[in-house]
Amino acid sequence: MNVMFQKVAMLGLGLIGSSLCLAMRKHGLAQNIVGYAKTPETRQVALEIGLVDQVYATAAEAVCGADLVIMCVPVGACGQLAQEIGPHLSPGAILTDVGSVKGTIVRDCASFVPQGVHFVPGHPIAGTEQSGPRSGFAELFENRWCILTPLAGGDAAATAKLEAFWQACGSNTELMTPDHHDLVLAITSHLPHLIAYTTVATASDLESVTDTEVIKYSASGFRDFTRIAASDPTMWRDVFLNNKEAVLEMLGRFTEELAVLQRAVRWGDGETLFNLFTRAREARRNIIAAGQDTASPDFGRVQKKS
Ligand code: NAP
C-alpha cells in the first residue's frame with residue numbers, strides 16, 4: 001500500500017475512469033475514491049462493482065475536498081466540466097485529464113482553474129475499443145506510456161507527483177508540449193483510426209461484394225480495421241474536431257504516400273512496393289522490440305487484459 005492521495009475525484013467512469021479506479025484500488029494509491037457520471041445507470045454500476053466509495057450526480061459535489069481530480073470524459077466535454085468544478089476545487093489540489101487531444105483541453109480548461117490549484121493535463125496511451133464502467137481493468141496502463149503536458153510556469157512538484165502516480169499505476173511517463181503531443185498522436189493514433197473508419201465504410205458501400213462475404217472473409221485484414229473502427233463514436237468525433245490541424249497535416253502526407261503506391265500498382269512497379277513494405281515491416285519489429293506489443297499472432301480475437 002502506498003497511499004498518494006487522500007481523496008480522488010474521478011469525473012467520468014467509462015473505460016479510462018473505471019480502469020484508473022481499479023488500478024488505484026489494486027495499488028492502494030487513494031484513501032477514498034469518489035466519482036461523478038452523467039447518467040444514473042453509470043453511477044449505479046460504479047457503486048455496484050466497487051469502482052468508487054461514493055458517487056455524485058454533479059461534478060461540483062464530487063470534487064469537494066479532493067486532492068486529485070481526474071477528468072475522464074470526452075475531449076469536447078472537458079471545458080464545460082472545468083467551468084463547473086473550478087469554484088469548488090480545493091487549494092493545492094492537482095487537476096488532470098486523460099483526453100486524447102491536449103491543445104484544445106488546455107485552451108478550454110486553463111482559464112477556469114483557480115490560483116493555487118495545479119492543472120497538469122495528461123494522456124495515457126492505453127485503451128481498447130470498449131467503453132463504459134464495466135469495460136475497465138486495473139492492468140490497462142501497465143507498461144504503457146502516459147504523456148503529461150504541464151503548462152509553462154506550472155508547479156514542478158505537482159507534475160512530479162502526477163508522474164509518480166502514473167508510474168505507480170504501471171505506466172512509463174514522458175513530458176512534452178501540448179502541440180507536440182497532438183502532432184505525435186495524429187500519426188500514431190488519429191490517422192490510423194480515420195483510415196479504419198474509411199476502410200469499413202468503403203466495404204459497407206460495395207454493391208458487388210455482399211455483406212456476408214465481407215464478414216466471412218474478414219480474416220484477410222478487414223477484421224483488424226473493424227476492431228479499431230468499433231471505438232466509441234463520441235470520443236472519436238471529439239478527437240477529430242479538436243485535433244484538426246495536425247490530422248489534416250498527416251492526412252496530406254498520407255495522401256501523397258498513397259498516390260505513390262497507387263502509381264506503383266498501376267505501372268507494375270514491384271521494386272517500389274517491395275521497398276515500402278520492407279520499411280513497414282521494420283516499424284512493426286521496432287514496436288515489438290520496444291515491448292509495446294507481442295509477436296504472437298492475434299487476429300483481433302484475444303482481449304488483452306494482462
Ligand atoms: P467512455 O468509456 O465512453 O466513458 C466516457 C465517460 O464520460 C462516461 O462516464 C460518460 O458518462 C461521461 N460523459 C460523456 N459525455 C459527457 C458529458 N458531455 N459530460 C460529462 N460526462 C460525460 O470513454 P473513455 O474511453 O473512458 O474516454 C474518456 C476519455 O479518455 C476521452 O477524453 C478519451 O479521449 C480519453 N482516452 C480514451 C482512450 C480509449 O482508448 N478509449 C485512450 C486514452 C484516452 P455516462 O457513462 O454517464 O454516459
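Of the 306 residues of the protein, 42% count as buried, meaning under 20% relative accessible area with a 1.4 Å probe and protein chains only. This is a predicted model, in which local features need pLDDT of at least 70, side-chain atom pairs count only at pLDDT 80 or more, and totals for chains, interfaces and linings use all residues. Residues are numbered from 1 along each chain as its sequence is written, and side-chain values use heavy atoms, without hydrogens and water.

**Overall form**
- The protein has 12 helices and nine strands, which are DSSP runs (H or I, at least four residues, for helices; E, at least two, for strands) numbered from the N terminus.
- The C-alpha trace spans about 65 × 40 × 35 Å along its principal axes.
- Of the contacts (heavy atoms within 4.5 Å) between residues at least 6 apart in sequence, 75% join residues at least 24 apart.

**Helix 1**
- Among the buried residues of helix 1 are Leu15, Ile16, Leu20 and Met24.
- The buried residues of helix 1 pack against strand 1 (5-11), strand 2 (30-36), strand 4 (68-71), strand 7 (122-124) and helix 6 (156-168).
- Gly28 follows helix 1 and has a positive phi, near 60 degrees.

**Helices 7 and 9**
- Helix 7 (residues 178-205) and helix 9 (residues 222-229) have axes that come within 8 Å and cross at roughly 115 degrees; axes are lines fitted to C-alpha atoms over the stretch in contact, and angles run from 0 to 180 degrees between N-to-C directions.
- Residues of helix 7 including Pro192, Tyr197 and Ala203 meet residues of helix 9 including Phe222, Phe225 and Ile228.

Key:
Buried means under 20% relative accessible area, exposed over 50%, partly exposed in between (1.4 Å probe, protein chains only).
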